[in-house]
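Welcome! Here is a guided first look at a protein, to be read with the sequence and the model side by side.

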Amino acid sequence: MNPNSEKRRDLTSFQLYKAMETDDILAAGTQEEMTQIVNDTDLFFKSLPSASYVVTKTLARPKGYKKKVKRTLRLNSKGIENVRKSGNPSSFYCYDSILKVSLRGPETVVLEYKGAEHPYIYKSPIAIVIAQEISSRILLTKKRKKGRFAYNKISEYQEKMNAVSSDLVEQIEVSNPETESSFTREFKLNNILGISEEQRIELTITRYLTDDSNMEAKAVKTFVNSIGTVTKTKETGLMNIRNFMNSLYDHIQENRKEDLSKFVTDENDVNRIVERAIEQIVVMDVLDAIQTILDDLFGETDTKINEKLFTLKNEDQEFFNIPSEHVSASNWDIPVMELNQVNNYQFPYQKISCILSCARMIYAMFKFEHKDSNETLGMDDFLPILIYVVARSSITNLESLSQFLFALCDDELMTGESGYYLTVFYSAVQYLCFYGEDITEG
């Protein structure tokens, strides 16, 4: 047996995760091949190596007393165990139940779980590495679920259409919204184990932003402590937060240029990683202030849209002016699923990526369902479909989400494809907001 064949098979199994992240439909030639890829990824996921970290856990006690105890965080293929010194686990949470992974400085990681009465606070010299490893496994879990969902929907569609054939899924050429170069440059397993160069860059930037000995971390701390003043005028609060992130980005580019030049990663990829790390640290620290602004300024509009969606969710595709020849037998379930991922993320770059993925998946599903035709989907045909998809989504803060992204997304990102589809997405939100109203008066 060729020793490289197993390696190739491992890489093939990753295509499922890559496809769902970049909005491709599975790159398989037949139903059997697609099933094999899905089964391989499930098997690979279940065989992920465990990782254990010795940490100090902080336990809250009455009267403000905090007890510190030694624990081991054990990460397996299913979730996280909190293990006592005796070796017995005191708690277990699956990756799906993790609400938030955050850092309180370079040596403290905080985990928040669904159903837990309190956050879990751990200290470790490698807290940043632990947070990154957990985040990687959460992402892998989400990709696996998305892949399985897409596989089921495509199989269901084929059954409905009675069209199972040897060319079940064609490869759809779409580029990764976060660029594909870093993904293809190194072996995919590195991304899971946290040792890819991209992750090393992210660790470096995160240390700049969280280690109090660095100027960047001091600036973040000062900004967070003054967030009440920064957001006192709510109409300009989000703009002030974005301006601070821009100044932080410019400072790192100017003063850390020598450090960053040591990495072989493309400069554009480095810039993207810097922006991503800044969003993760700054937005996380001021998330409550951001939510207050969004609620105060756009909460009423969110409620208005939700009231209209209560009825519109039940309407069929023709109601939204989707031509009969463009009606999807799958009800655009996969684009809806992609858009719903917005609810699972906190940071601007993540949320706007979900909207871009949704748009790309609309085109992908249209091509798949019309593979025997040369017909293409124009923008006039795309918008009614997007409105239908948005109406069917589970997003309950459509106006707030749009304003959050317009205000806090990277300016460079907004000038490209992501910004374009965010504008189209907002057009869909506006349509739903003013549905049934006469907006020509006044």
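How many helices and strands are there in the protein? This is a predicted model, and the protein in it has 18 helices and seven strands.

**The overall picture**

Let us begin with the whole chain. Of the 442 residues in the protein, 52% are buried. Among contacts with a separation of 6 or more, 68% are between residues 24 or more positions apart. The accessible surface of the protein is about 21,300 Å², and carbon and sulfur atoms contribute 50% of it.

The protein has a mean pLDDT of 79, with 77% of its residues at 70 or more. Confidence is highest in helix H16, at a mean of 96, and lowest in helix H1 (residues 3–22), at 35. Across residues 1–29 the pLDDT stays under 50, and the model has 80 contacts beyond four places in sequence for them. Residues 162–194 also have a pLDDT below 50, and that stretch has 90 contacts in the model beyond near neighbours in sequence. Where pLDDT is low, the predicted coordinates should not be read in detail.

**Salt bridges**

Side chains of opposite charge can pair when their charged atoms come close. A search of the whole structure turns up eleven salt bridges, and three of them are worth a visit here.

| Salt bridge | N to O distance |
|---|---|
| Arg 276 and Glu 202 | 2.9 Å |
| Glu 216 and Arg 256 | 2.8 Å |
| Arg 360 and Glu 417 | 2.6 Å |

Take the pair of Arg 276 and Glu 202, whose side chains meet in a salt bridge. Arg 276 sits in helix H11 (residues 267–285) and Glu 202 in helix H6 (residues 197–210), so this pair ties together parts that are 74 residues apart in sequence. Both Arg 276 and Glu 202 are buried.

Next come Glu 216 and Arg 256, with a salt bridge between their side chains. Glu 216 belongs to helix H7 (residues 215–225), while Arg 256 is in the loop between helix H9 (234–255) and helix H10 (257–260), so the pair ties together parts 40 residues apart in sequence. Glu 216 is buried, and Arg 256 is buried too.

Is Arg 360 buried or exposed? Arg 360 has a relative accessible area of 7%, so it counts as buried. Glu 417 counts as partly exposed because its relative accessibility is 37%.

**A closer look at helix H18**

Helix H18 has 17 residues and reaches 24 Å from its first C-alpha to its last, close to the 24 Å expected at 1.5 Å a residue. Its buried residues include Tyr 421, Leu 422, Phe 425 and Cys 433. Which helices do the buried residues of H18 pack against? They pack against helix H12 (287–312), helix H13 (333–340), H14, helix H15 (379–392), helix H16 (398–408) and helix H17 (411–414).

Finally, find Leu 99 in strand S5 (residues 98–103). Leu 99 and Glu 112 are 13 residues apart along the chain, and their C-alpha atoms are separated by 5.4 Å. Leaving out residues up to four places away in sequence, Leu 99 touches Glu 112, Tyr 113 and Lys 114.

Technical notes: Residues numbered from 1 in each chain as written. Heavy atoms only, no water. Helix = DSSP H or I, 4+ residues; strand = E, 2+ residues; numbered from the N terminus. Buried < 20%, exposed > 50% of the residue type's maximum accessible area, 1.4 Å probe, protein only. Contact = heavy atoms within 4.5 Å. Areas by Shrake-Rupley, 256 points an atom, 1.4 Å probe, with all protein chains shown as cover. Salt bridge = Lys/Arg side-chain N within 4 Å of Asp/Glu carboxyl O. Expected span 1.5 Å × (residues − 1). pLDDT = per-residue confidence, 0-100.
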